[in-house]
Amino acid sequence: MAGKRIVLDVLKGETVSPPPLWMMRQAGRYLPEYRETRKRAGSFLDLCYDPDLAVEVTLQPIERFGFDASILFSDILVVPNALGRDVRFEEGRGPILKPITAAEIAALNGDLFHVNLEPVYETVRRLRAKLPGETTLIGFCGAPWTVATYMIAGHGTPDQGPARLFAYREPEAFLKLLKVLADHSAAYLIRQIEAGADLVQIFDSWSGVLDEPSFETFCVEPVAEIVRQVKAVYPDVPVIGFPKGAGERYRGYRAKTGITGLGLDWTVPLSMARELQREGAVQGNLDPLRLVAGGKALADGVDSILRTLGGGPLIFNLGHGITPETPLAHVEAMVKMVRSHR
């Protein structure tokens with residue numbers, strides 16, 4: 001019997017007090033039990049593609065902290081990997097891909113896409129069966145722009161200059177890549193929902209490096225296309241958009257893309273967050289380093305978010321993923337602070 005999934009109530013525009021709470025990257029290296037499972041997995045991608053281990057690590061933060069939502073353990077780069085691109089993760093360097101060329105973009109083939117991602121769908125099915133009834137299950141993908149930046153440079157860069165330059169020099173090939181990624185990402189999210197995800201989130205981690213016209217073309221339009229395709233099949237399933245670093249361009253993002261909830265990074269002023277909340281649910285936006293620091297820095301950060309946004313539809317979260325050096329006691333303290341808010 002499913003319990004009341006309050007994250008979904010907030011995404012319908014309801015105010016819930018205390019607000020529901022989860023953390024981006026909540027299954028991760030700050031947890032000793034995650035580090036143990038990760039050792040057993042071999043490579044990071046092996047962990048993503050092993051349903052037994054992926055379920056185990058997804059459940060770890062739920063068992064420890066009782067968060068209101070659980071997010072599938074996977075990575076945004078399984079999409080290019082499922083399209084046949086070589087992806088690996090190196091300790092201390094992050095993801096490494098073979099940089100894609102314009103000719104290779106034209107030849108991208110999705111014939112085996114869902115076959116390659118079947119282990120992820122199996123993980124979602126098992127999670128829905130194992131999670132507490134009241135815990136919302138979140139599926140996700142990377143936004144086309146963010147995924148494309150890694151495919152073009154072959155790795156993360158400080159300002160994603162290689163992808164920006166490629167987009168200016170090879171506009172047709174670049175728009176083709178965004179279209180392929182949007183179509184396959186939408187299909188990927190639809191399959192996650194089919195397998196049991198209650199809502200999905202689209203991570204656009206690099207939206208903040210673009211100029212205004214590029215933001216509209218590379219970030220807004222592909223995300224709007226994903227939302228359109230998902231809503232055509234599942235009109236009632238909420239979609240959270242997280243255009244990290246978008247700044248002023250957070251305004252209008254919900255209306256232009258069709259997303260339900262708006263994920264805010266920690267640089268978004270709370271006065272602006274309050275304005276954005278008038279249009280619907282917001283998610284965020286504690287600075288992850290306040291959580292590392294703990295003490296007064298953490299208490300002040302939590303308090304200001306709850307005072308400013310707690311009177312409207314809010315999903316409490318960090319403004320980006322939790323960092324590996326975060327003390328467990330600080331997470332426990334944050335959960336207690338949020339849960340005691342009235």
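Before anything else, a term: buried means under 20% relative accessible area, exposed means over 50%, and partly exposed is in between, with a 1.4 Å probe and protein chains only. By that cut-off Gly 28 is buried, at a relative accessible area of 8%.

Some housekeeping. This is a predicted model, where local features need pLDDT of at least 70 and side-chain atom pairs count only at pLDDT 80 or more, while totals for chains, interfaces and linings use all residues. Residues are numbered from 1 along each chain as its sequence is written, and side-chain values use heavy atoms, with hydrogens and water left out.

Helices and strands here are DSSP runs numbered from the N terminus, helices being H or I with at least four residues and strands E with at least two. Gly 28 sits in the loop between H1 and H2. Gln 26 is in the loop between helix H1 (6-11) and helix H2 (32-41).

Is Gln 26 buried or exposed? It is buried, with a relative accessible area of 1%. Contact means heavy atoms within 4.5 Å. Leaving out residues up to four places away in sequence, Gln 26 touches Leu 31, Pro 61, Ile 62, Phe 67, Ala 69, Ser 70, Ile 71 and Ile 322. A polar atom of the Gln 26 side chain also lies 2.8 Å from the backbone nitrogen of Met 23.

Next, backbone geometry. Most residues other than glycine have a negative phi, and most peptide bonds are trans. Arg 25, in the loop between H1 and H2, has a positive phi of about 60° although it is not a glycine. Pro 18 is in the loop between H1 and H2, and the peptide bond to it from Ser 17 is cis, with omega near -5°. The bond from Gly 284 to Asn 285 is cis too, with omega near -20°; Asn 285 lies in strand S8 (residues 282-286).

Now the sheet. Two strands pair if DSSP finds at least two bridges between them. Seven strands form an open, parallel sheet in the order S1-S4-S5-S6-S7-S8-S9. Its edge strands are S1 (69-71) and S9 (314-318), each pairing on one side only. Within the sheet, 5 bridges join S5 (residues 199-204) to S6 (residues 239-243). The partner of Gln 201 in S6 is Ile 240.

Last, Gln 160 lies in the loop between helix H8 (144-153) and helix H9 (161-169). It has a positive phi of about 50° and is buried, with a relative accessible area of 0%.

Definitions and conventions: A polar contact is a pair of N or O atoms within 3.5 Å; within protein, one must be able to donate a hydrogen and the other to accept it, and residues adjacent in sequence count only if both atoms are side-chain atoms.
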